[in-house]
Amino acid sequence: METDAAIVRRAIEGDERAMRLLWNQHAPHVDAVVRRLAGDPDLAQDIAQEVWIQIFRALPSWRGDAKFSTWIHRVAINRTLNAMRSVKRLSNVETGIEEDSAVVEQDAERSMLAQTIAEATQRLSPGARTVFLLHDVEGYTHEEIATELGITAGGSKSQLFKARAKLRRLLAPLVDMVSPDLDRSYAAP
């Protein structure tokens with residue numbers, strides 16, 4: 001199996017098959033990241049196209065000191081945030097929670113739970129939602145978020161605290177609804 005470095009080298013030299021191979025391998029993850037951050041499906045589709053243009057233009061700058069998938073992820077996050085800033089739609093963005101795995105069973109309970117979480121996430125302020133997604137979903141540190149968003153690490157921590165507190169309040173009825181079922185499952189026979 002050909003390594004990412006070899007495929008990238010071929011793509012840099014203009015090999016369209018190599019470019020298509022990179023896109024086929026990494027597009028599902030890039031699209032999922034963009035959709036989570038952008039929320040609006042039409043905006044996400046536009047941004048994803050811009051992300052791939054940026055990735056192919058920037059291929060020569062990939063030095064190979066990080067995994068290619070990590071580098072692409074970073075480009076997707078940065079380009080998405082920049083696009084959202086430039087169109088001044090951050091305050092109107094609604095974030096949906098997408099399932100990245102195709103192996104997940106799609107039953108009614110899981111669907112209802114995902115919908116409830118998505119709706120709660122959409123009710124966060126744009127800043128709190130963005131920090132929550134970058135930190136708790138994407139795994140960025142507060143320092144990285146601060147750099148990406150042009151805020152302080154303390155501001156990132158504050159936004160995350162507010163996001164988690166509001167999500168706790170918004171999702172409390174769901175926890176209360178599930179808790180009686182849990183209590184029964186642990187009851188002695």
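Leaving aside its neighbours within four places in sequence, which residues is F68 in contact with? In this predicted model, the answer is D4, V8, L22, H26, L59 and W62.

F68 also has a place in the largest nonpolar core, which has 44 residues. Along with I47, I55, L59 and W71, F68 is among the members that touch the most other members.

| Helix | Residues |
|---|---|
| α1 | 4-12 |
| α2 | 16-38 |
| α4 | 68-86 |

The others are α3, α6 and α8. The largest share, nine residues, comes from α4. As background, in soluble globular proteins, nonpolar side chains tend to be buried together.

Now take a look at how α1 and α2 meet. Their axes lie 7 Å apart, and the two helices pack at an angle of about 135 degrees. The crossing of α1 past α2 is left-handed. On the α1 side, the contact is made by D4, I7, V8, R10 and A11. On the α2 side, R17, A18, M19, L21, L22, Q25 and H26 take part. Sorted by type, the residues of this contact are seven nonpolar, two polar and three charged.

Finally, visit E148, which is found in helix α7, residues 142-149. Is E148 buried or exposed? E148 counts as buried because its relative accessibility is 17%, and the cut-off for buried is under 20%. Leaving aside neighbours within four places in sequence, E148 is in contact with R74, N78, L81 and R85.

Note on methods:
Residues are numbered from 1 along each chain as its sequence is written. This is a predicted model: local features need pLDDT of at least 70, side-chain atom pairs count only at pLDDT 80 or more; totals for chains, interfaces and linings use all residues. Side-chain values use heavy atoms; hydrogens and water are left out. A nonpolar core is a set of buried Ala, Val, Leu, Ile, Met, Phe, Trp, Tyr and Cys residues joined through side-chain atoms within 4.5 Å. Buried means under 20% relative accessible area, exposed over 50%, partly exposed in between (1.4 Å probe, protein chains only). Helices (H or I, at least four residues) and strands (E, at least two) are DSSP runs, numbered from the N terminus. Contact means heavy atoms within 4.5 Å. Axes are lines fitted to C-alpha atoms, for helices over the stretch in contact, and angles run from 0 to 180 degrees between N-to-C directions. A crossing is left-handed if the near helix is turned anticlockwise from the far one by less than a right angle, and right-handed if clockwise. Ala, Val, Leu, Ile, Met, Phe, Trp, Tyr, Cys and Pro count as nonpolar, Asp, Glu, Lys and Arg as charged, and the others, Gly among them, as polar.
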